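Colleague: Please walk me through the labels in this model, and set each value against its cut-off as you go.

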Amino acid sequence: MVAGWIQKRRDHGGLTFVDLRDSSGIVQVVFSPEESPDAHSLAHELRNEFVIAVRGKVTKRPEGTENPNLSTGEIEILTTELEILNRSETPPFVIEDAGPEVSEEMKLKYRYLDLRRPSMQRNLRLRHKVCLATRNLLDKEGFVEIETPVLTKSTPEGARDFLVPSRMNPGTFFAMPQSPQLFKQLLMISGFGKYFQIVKCYRDEDLRADRQLEFTQIDIEMSFIDEEDIFRLTESLMARIFQEGLGITIETPLKRMTHAEAMERFGSDKPDVRFGMELIDVSDIVAESEFKIFASTIAKGGQVKAIVAPGLADLSRKQIDNLTDYVKDFGAKGLVSFKILYDDVESPVKRFFTAEQIKNMVDKAQAKAGDLMLLVADKPAVVADSLGRLRCKLADDLGLIDEKDIQLSWIVDFPLFQYNAEEKRLDSEHHPFTGVHPEDESMLDTEPLKVRSRSYDLVLNGNEVASGSIRIHQRDIQEKVFRTLKLKQEEVENRFGFFLDALRYGAPPHGGIALGLDRIVTTMVGGKSIREVIAFPKTQSGVCPLTGAPSEVSEEQLRELSISVDT
Ligand code: ASP
């Protein structure tokens, strides 16, 4: 017996054909008046998405009617018995991967139907396989999966917290974890040397293709280890995931790049290294040029960098203006272009440069005839961000990215802090529990922005897919970091007092990492958004069209929680 949903019904030459879909795929079912008059006549009632069970004979399809697009395309089921298990209303959209375009809102409103599509079935099954491979490998390595609370106190990872009011303690709130960071560190203090958890994390931040309000991490922590142990473990985990999930072999050990080099060459701390177009510093060449903007930017400590877009010398003024608008979104004040022609160079600002300066720029950037050289002058952070993003946009537009290519690399030696210009203070680059590079400890008081951390990110095709660090395990250093972050004593006591207390009682050296499960699986299925690998995600505006969450609650509930809503 086969049971499933009707994908399509067609009548043809006295026979009725049905494409029957179940979780394993599609099979063709045939109803003929000779084989079973009852089933044949009942088959006329069948409509899309009816649930049926059939019995019959598996036969080879007549020659010339095979369907090479189906794994069952050589056979069909000649029905002897049909039972309609349930009827369906006409679904709001055709449940087919290659069906007409359906809005995201609509798909998520009827997600249970959308999940019937073969690609969604495949995505979620792959996700399961990845989790299974993870659990198997970590179990074999001696890790213990331990759950940590969802109703807890704030664990900062740089986002806003989701708060849950406590009914029993009016006026107080739980925070949902942005990650299990502090609990996993506490578990190290408790003597569980190897912890992991496939765990939901909650971060109230603006959504993008690779972000959801709740997402899943493969969270790992280990004691008595250093960076190399984490690299080895994570690499074997990634290799296992790709091998078991897709049969793809990942070459290890993976490449490593310092944060400084990534910013320098690619303008990003998560560089996509599947294509070139690296950022080339031409500051020394143009510092003395007549082009005032370049010269003055460099004099003020800024820089001028170029990227070379291959074969784009024939872009129109308008197209270059569009690229200029693009970089302006990332803070650049403008974009200077040089078209490299066979025997000449064209640029609206050509007259400000000597022939030698132009030649030196072209040579350094290795621009060839037919290429377009694009330059930005600004503070290093703005140059990096604007050109780094332009580089990715152009590679995308030009089709320079081989979608099958899988490039995984470690980014190491991140700075410990970053400057928050708005609030005029330092923020943690990762989180405040990140270990300090031993060589830089003495600069914590004097030059904190120069202090490197013991953190590392794993980057997959330009996406950060894992992040972690060796942690601070000495209380005095942890307190010093809080002081450098200008957290008030009272605030520290209030938010992290319990953790500082725990650091008094023999915390072992420890460190860990968290891998973004959704992002990894999205890359594996070649998806564009993590929503494609999450069963019930929220839309870009943070709502669930299926359930209508978030929604208002009753007066009664608010009263119980001692909350009044002011809208
Ligand atoms: N808490 C993670 C860690 O292991 C990082 C993260 O959640 O992004 O360092």
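Colleague: At what distance from an oxygen atom of the ligand does a polar side-chain atom of Arg 471 lie, and what makes the pair a polar contact?

Modeller: The distance is 2.8 Å. A polar contact is a pair of N or O atoms within 3.5 Å (within protein, one must be able to donate a hydrogen and the other to accept it, and residues adjacent in sequence count only if both atoms are side-chain atoms). The Arg 471 pair therefore qualifies. A polar side-chain atom of Lys 184 also lies 2.8 Å from a ligand oxygen, and for His 431 the value is 3.1 Å. Before we go on: this is a predicted model, where local features need pLDDT of at least 70 and side-chain atom pairs count only at pLDDT 80 or more, while totals for chains, interfaces and linings use all residues. Residues are numbered from 1 along each chain as its sequence is written, and side-chain values use heavy atoms, with hydrogens and water left out.

Colleague: How much of the ligand's area does the protein bury?

Modeller: Taken alone, the ligand exposes 270 Å², and the protein buries 92% of that. Accessible areas come from the Shrake-Rupley method with a 1.4 Å probe; for residues, only the protein chains shown count as cover.

Colleague: What makes a residue part of the shell around the ligand, and which elements each supply at least two of its residues?

Modeller: One of its heavy atoms must lie within 4 Å of the molecule. The shell includes Glu 157, Gln 181, Arg 203, Ser 467 and Ile 513. The elements are α5 (181-189), β21 (463-470) and β22 (510-516). Helices (H or I, at least four residues) and strands (E, at least two) are DSSP runs, numbered from the N terminus; the protein has 16 helices and 22 strands.

Colleague: How many residues of that shell are nonpolar, polar and charged?

Modeller: The division is two nonpolar, six polar and four charged. Ala, Val, Leu, Ile, Met, Phe, Trp, Tyr, Cys and Pro count as nonpolar, Asp, Glu, Lys and Arg as charged, and the others, Gly among them, as polar.

Colleague: What makes the phi of Glu 49 and of Lys 486 worth a remark?

Modeller: Most residues other than glycine have a negative phi, and most peptide bonds are trans. Glu 49, although not a glycine, has a positive phi of about 70°, and Lys 486 has one of about 60°. Glu 49 lies in the loop between α1 (37-42) and β4 (51-60), and is buried because its relative accessibility is 4%. Lys 486 is in the loop between α13 (475-484) and α14 (489-502), and at 63% it is exposed.

Colleague: What is omega for the bond from Ala 549 to Pro 550, and where is Pro 550 found?

Modeller: Omega is near -5°, and the bond is cis. Pro 550 is in the loop between α15 (517-525) and α16 (555-560). A cis bond also joins Thr 252 and Pro 253, with omega about -5°.

Colleague: What makes a space a pocket or a cavity?

Modeller: On a 1 Å grid over the protein atoms alone, a cavity is a set of points where a 1.4 Å probe fits but cannot get out, and a pocket is an open set with protein on both sides within 12 Å along at least five of seven lines; lining residues have an atom within 4 Å of a point. Grid points are joined across faces, edges and corners, and a volume is the space filled by probe spheres set on the points. The second largest pocket holds about 770 Å³. Of its 24 lining residues, those closest to the centre are Phe 162, Leu 163, Ala 549, Pro 550 and Ser 551. The lining has twelve nonpolar, five polar and seven charged residues.

Notes
Buried < 20%, exposed > 50% of the residue type's maximum accessible area, 1.4 Å probe, protein only.
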